[in-house]
Each structure stands twice: as structure tokens, then as C-alpha cells.
Amino acid sequence: MLRTTHSTGVRNGNVRKTIWFVGLSSLGMLCHLAPGWATPVRPQSSSNDRKQLPESPAIDRQSPSCTATLQMTPPERIEANYGARQGKQPQPEALAADRRSPSCIPPQIAPPQSIAADGGNTDDDAMAQVRSVAELSDVQPTDWAYQALQALAERYGVAIGYPDRTFRGNQPLTRDEFAAALARVLDEISQQLALGREQAAQLQEDFATAQRLQESYGTIAKSTRSRLDDLDQTVATLERNQLSTTSKLTGQTILVPTDGTNARTTVLTRIRLNLQTSFAPNTLLLTQLEAGNNGNDAIGRVQSRSPNLLGTLGLLADGGGLTYVGVNNAVHLNKLYYSFQPAPEFTVVVGARLSPRDFIDYNRFANDFDGDPTKNFSSSFFTNNPLIVQNQIDQPGGAGAVLTWKSASLPLAVRALYVAADAERPDRQITKGGLFGDRNQGSVEVEYDFSRDIVARFQFTKATVNNVDIVAGGINAEWAINPQFAVFGRFAIGHYSGFNPLLNQDLDLHPKSWSAGFIARRIFIPGSTAGVAIGQPFVTRDLGNATQTNLEAFYSFLLNDNISVTPALTVVNSPNNRDRGTIFEWFLRLVYSF
């Protein structure tokens, strides 16, 4: 049985803690730690009297003879001894003496002068006065460890208690502490053998037992290291070849009550479920299911009048109102693609259903990004540049691939994509279909971070939509003025040429598109976001008799980690580049994410 005591002192403002192990009682009780030894059998006692000590490789309960069964003193003898000791008073002695001659001071004990230098008596010095098991308030004669503690105190004169007269038998002892204790006890026994003290035969037996335990711990440590090495290799193999048998599920529900000019109050809904599966590090298989109520809003009501040129579902460009309109009420596959990294700086995405807006023209202060649409704009025009991200391809999505290169040493990233909206249709009457047929888009974007706060993206798009060839170039920039305020802007110029069978019109247009906005964080409410943006989606003299202008203002705040609330106002003047007045629309966006 081993026990630790502590001497704590303060020198120059620093706490010094010296741990020393001062005794060994019946070292054979530790024998089961050596290979081949049996586990001791504990005597039974009532639940009220017995205080169970925790199992620990550092403490065993066998008899000095190393038998498999604990040798217990008869109860009547225990009671007699206990009663006799109740009248005894502890003899105060100095810690360094430890009730033995000066030559028998255990190793690692602080000398008296150092104790005095540390400020004299400390709390742990009083431990030297508790040398009788009868003085311990938390050890009873019926406890199975009582005899071991008694032998520890009587045979070696060891202090066995804390200043508050407790033994704290359930306090854990680490394997490292136990191994260190064995080495120190060997030195203590060696000193007693050298002095020729009584019970030399017992000391020799204890010495041999301690040696076996020390050798056993060397074997255990070696075995543990070997097992850890094997586990490291196994974990590395699993990481290289892991196969996810489950998918992470995330979801989002958007509920938008809205009303506006010459329209009735309506409610728009959109629900998305994302299944994310990883087969290996840096890979992702994304499957997104979507459904809505196919609702419409005041702005969409006006822009959908034939022909719908610049609405959310417009035939030429997306310059509409809320991006949540027209979501099919049947559950459908909205995204399906697989992302992986063939090299450290390259990411490849291939899929049967992906949208250009997920990979290019992102702006952290404007986009209704799928990962966090709770803090940014809701108007479809302000989420993307309508000339760079073609509405007729982005809305339905399509098959294609995306290649991204992001430099590890430079603030530079390059993205290239190709998406075909009708890849699954080999022969479609109007758009021809196929992977390389009508309704396709190819885009390149170069992103450069001038600093952590200023980012610019230079863009180029070439597309074919409804037999119309489209070429456009643009810039997307953002500037975080400080952690609370930021501005952003987009500008593009393009060329539309060809006969559009849906409009029954030959087009030769040179449109421009621009937008600018301002964002403020943490206004009035922590975690809130306020924003204002204005822009014109399709500026040209060759379409209509006016130029459409869009404006949106919103204030978003969180109710909790899952729910956000956004009251907002949207204004569209001259919808579809027609002089049809101004539409005012308010809405309340409620987003629940999980």
C-alpha cells in the first residue's frame, strides 16, 4: 500500500510542490500487477460502514504473502485495537524526522532549512502528525483497507493522512506516480536493510516484490507503446480508406408573408434539405431536395405579364423581386454534385444538377448564399449579376463541371465552369438540348484579395440561351471598411445577338448592369445586419421605353441560433424596362435552419 504526501511552499511568489512517497506496507499486496498474479477477494461489509476505494493499478489489496485472497484480522481483534487507539494522542514531530533517525530520512524529502525558507509550517506539514489510522475520520475498522493502512503506519512510521484527519482513499493515483513510488520505496528498503533493522526477512521479501512490480511496469509500458503505435497505423489506414455510411442532414425553411402595390397579401415558402456525404477527406457529395408553394409576389405579378423579360423568372435576365417566388410545390432534385481535390490547390466539382451562382459571383455582403441566407438581400437581382449568371441556366440548374484553383502562396483564385441546363434532353424542339446544345453557359472568374478587407473578382461569361449568343464581362468588388460597415458593387457589360423564338424577336442588344450597396452589422441588436442596395439590371436603349431600377432595404436579426427575422422593403420602378409606374413591396422573411 502506497500513499503520497505533499509539501507546498511559496518562494519568490512561485508555488513549489514536492511530492514524495514515504512508505510501503505489505508490498505483496501489489503483486497482482506483475504478470500471473490473481485479483484479491475483498471481505463483505454493510453498505453503511464500508467506504469503497476505487480500482486503480496503483493500489492493490493483497496480503503480504502475495496470496490470491486478502488475509483479514478477526473482527474482535480489530475492534480491540481500534478501542485502544482511541485514547492515544499523536506526537508532534518535524516533517524531516518522520519518526525515524536522521539517517533514515526518505529520499526526495525537503530538508528542514528549505522548509523554513519557504515560510515555516505549511498545511501539508501537519500531515506528519497523522500517523495512526485511528485518527482518520473517513477510515473505519470495518473497511477492507484498514489493516493495510495500519501496517503502513506501524511498520514504516509513515504519515498516512491529510491535515483535516482524512485519508481520501478514493483520490486517484496515476500509473506514473506509482512507478515513481516504487523506485523511491526500493531506496527506502535498501536503507533499512543496510542499517540492519528488524524484520530483515520481511524487508527482503518486500524488496523482491517491489523489483517484480518495477519490471512488470516496464513490460506494461512497452506493451502500451506498442499498442499505441498499432492504433496510430490503424487510424491512418481508416482515414485514407474511410467510407461514410451515413450522411449529414441540414435543412432550411423560409416563410415570407408579403404584400405590395395592387396585390393581395401572399405567403411564399421554400424548403430545402441537404444531404452531405464524405467518402474521403476533402470530398463532398451534396444532394439537395427542394419544394415550395409556387407562390408569387407583387413585383412578380407585374413582371410576369407577357413577356416576362427581367423578372425573377425572366427570359433575358434576372432583375426581379424576391428570389423565393415560383418554387415548385412538388419535391424535386435541386442540386446533385460531387466535389474532390485531385491536388492540394485544385478542387473539381462534377454533377448532374448544379447552379452557376453556387460557384461564381459570390459576394459576402450581397448574396443570398445557401449556407447562410439569413443576413443578406432577398431580391434576386442583388444576389447575382444578371449578365454573368444567366437566369435561364441558373434557375433550373444543369449538368456540368467546375474547376477551382486557389493559390497557397498568393491571394489569388481562379474558377472555371460549364453548365448545360438541358443536358438530359437529347432532342428538345426549341433549345435543342444535350450536354453541348442550347441553354449552356461557360464562365471564368479571377478573384484577387488586395487585402483581407478588399476583394475584387473579374468575370467573363459566354452563353447560348434560346438560340441567342451572349457574351459578357464584369467585376464584383467588396470592401469591409471595418468590422461593422462594408460596401459592395457589381458592374457588367454584355452583347446579346440572335433570334429568340420565345420572344419571336431578333435581338442585337448591348446591355449594362450595375448595383451598389451598403451593409451595417450589429445595429441596435447584437448579431443584426442592416442593408440598402440600388441598381439597374438591364440598361439599354434598344429594349422598351424606360430603364428598370431596383431598390431594397432590410434589417435582419436572430431570435436564436436557428431562427432569424428580416423585415424589408423592395421597390421596382419601370419593371421590364417598361414605363409602368413603381411597385412598392414589403415582406417579412422568417428563416428556420437546422
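Among the elements lining the second largest pocket, β6 contributes the most, with 3 residues. Here a pocket is an open set of points on a 1 Å grid over the protein atoms alone, where a 1.4 Å probe fits and protein lies on both sides within 12 Å along at least five of seven lines; lining residues have an atom within 4 Å of a point. Strands (E, at least two residues) and helices (H or I, at least four) are DSSP runs numbered from the N terminus. The model is predicted, so local features need pLDDT of at least 70 and side-chain atom pairs count only at pLDDT 80 or more, while totals for chains, interfaces and linings use all residues. Residues are numbered from 1 along each chain as its sequence is written, and side-chain values use heavy atoms, with hydrogens and water left out.

This pocket has a volume of about 620 Å³, a volume being the space filled by probe spheres set on grid points that are joined across faces, edges and corners. Its lining is made up of 34 residues, and Asn334, Arg357, Asp394, Gln395 and Pro396 lie nearest its centre. Two or more lining residues come from each of β4 (266-277), β6 (332-343), α7 (380-383) and α8 (391-394). Sorted by class, the lining holds 14 charged, 12 polar and 8 nonpolar residues. In this sorting, Asp, Glu, Lys and Arg count as charged, Ala, Val, Leu, Ile, Met, Phe, Trp, Tyr, Cys and Pro as nonpolar, and the others, Gly among them, as polar.

Turning to the whole protein, the model contains 19 strands and 8 helices. Of its 594 residues, 47% count as buried, meaning under 20% relative accessible area, with exposed over 50% and partly exposed in between (1.4 Å probe, protein chains only). Of the contacts (heavy atoms within 4.5 Å) between residues at least 6 apart in sequence, 63% join residues at least 24 apart.

The largest nonpolar core comprises 30 residues, and Leu316, Phe359, Tyr496 and Phe538 have the most contacts inside it. Such a core is a set of buried Ala, Val, Leu, Ile, Met, Phe, Trp, Tyr and Cys residues joined through side-chain atoms within 4.5 Å. Strands giving two or more residues to this core include β7 (346-354), β9 (412-420) and β13 (485-500), while β12 gives the most, with 3 residues. A second, separate core of 20 residues includes Ile254, Ala366, Phe488 and Val591.

Ile299 and Glu585 are 286 residues apart in sequence, yet their C-alpha atoms are 7.2 Å apart in space. Beyond its neighbours within four places, Ile299 is in contact with Gly320, Gly321, Thr570, Val572, Ile583 and Glu585.

Most residues other than glycine have a negative phi. Asn262, however, has a positive phi near 55°, and Arg439 has a positive phi near 65°. Asn262 lies in the loop between β3 (248-260) and β4 and is exposed, at 66% relative accessibility. Arg439 lies in the loop between β9 and β10 (440-449) and is buried, at 10%.
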